[in-house]
Amino acid sequence: MLIDICIQPKLIQILKDVWVPPATYTYPLLDCNAKRGLKFKHHWLNAHNWLAYSEKYQGAFCKFCVVFSKVGGVGGQKLGTLVVEAFTNYKKATESRLNGLATTAVHRGIIKITANEVLDELAKKNKKN
Ligand SMILES: [Zn+2]
């Protein structure tokens with residue numbers, strides 16, 4: 001995937017600024033999960049470096065897919081949960097299924113091509129500061 005080098009720093013900044021709820025954050029119990037009493041689990045954020053939580057949408061997104069799908073989709077895959085809509089169906093959020101959610105071609109393509117690049121870039125920036 002080719003990313004315009006002019007917009008790349010902006011995208012990296014967006015990824016850098018992604019809000020991470022504090023460990024003490026109280027995640028809401030949504031109607032769709034009320035029966036099972038399931039809430040977003042903070043440790044998912046630590047286990048999946050692509051995962052971001054949105055307070056506004058009260059659900060999870062893949063930060064890399066959200067940012068990079070705007071500038072170059074891979075293989076014309078339809079974007080869905082975690083990219084254009086928040087992931088809130090927490091009964092599907094066992095470790096294996098959470099990994100399963102991240103195995104769409106778009107996600108894999110983006111993660112493979114750009115995530116490491118971005119993380120390297122972030123690491124470099126962090127060292128300079
Ligand atoms: Zn993704």
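Reader: In which loop is Gln58 found?

Author: Gln58 is found in the loop between strand 1 and strand 2. Helices (H or I, at least four residues) and strands (E, at least two) are DSSP runs, numbered from the N terminus. This is a predicted model, in which local features need pLDDT of at least 70, side-chain atom pairs count only at pLDDT 80 or more, and totals for chains, interfaces and linings use all residues. Residues are numbered from 1 along each chain as its sequence is written.

Reader: Why is Gln58 called partly exposed?

Author: A residue is buried if 20 or more other C-beta atoms lie within 10 Å of its own, exposed if 12 or fewer, and partly exposed in between, with C-beta atoms placed from the backbone. Gln58 has 15 C-beta neighbours inside 10 Å and therefore counts as partly exposed.

Reader: What is noted about the phi of Gln58?

Author: Its phi is positive, about 50°, although Gln58 is not a glycine. Most residues other than glycine have a negative phi.

Reader: What makes strand 1 and strand 2 a pair?

Author: Two strands pair if DSSP finds at least two bridges between them. Strand 1 and strand 2 have 4 bridges in the antiparallel sense, so they pair. Ala52, for example, has Phe61 in strand 2 as its bridge partner. The two strands form a hairpin with 4 residues between them.

Reader: Which residues have the most contacts inside the largest nonpolar core?

Author: They are Ala60, Phe61, Cys62, Cys65 and Leu82, in a core of 20 residues. A nonpolar core is a set of buried Ala, Val, Leu, Ile, Met, Phe, Trp, Tyr and Cys residues joined through C-beta atoms within 7 Å. Two or more residues come from each of strand 1 (51-54), strand 2 (59-62), helix 4 (63-68) and helix 6 (105-128). Helix 4 gives the most, with 5 residues.

Reader: With which residues is Cys62 in contact, leaving aside its neighbours within four places in sequence?

Author: Two residues are in contact if their C-beta atoms, placed from the backbone, lie within 7 Å. On that basis, Cys62 is in contact with Trp50, Leu51, Leu82, Val83, Ala102 and His107, its neighbours within four places in sequence being left aside.

Reader: Why does Tyr25 count as exposed?

Author: Tyr25 has 12 C-beta neighbours inside 10 Å and therefore counts as exposed. Tyr25 is placed in the loop between helix 1 (8-16) and helix 2 (31-34).
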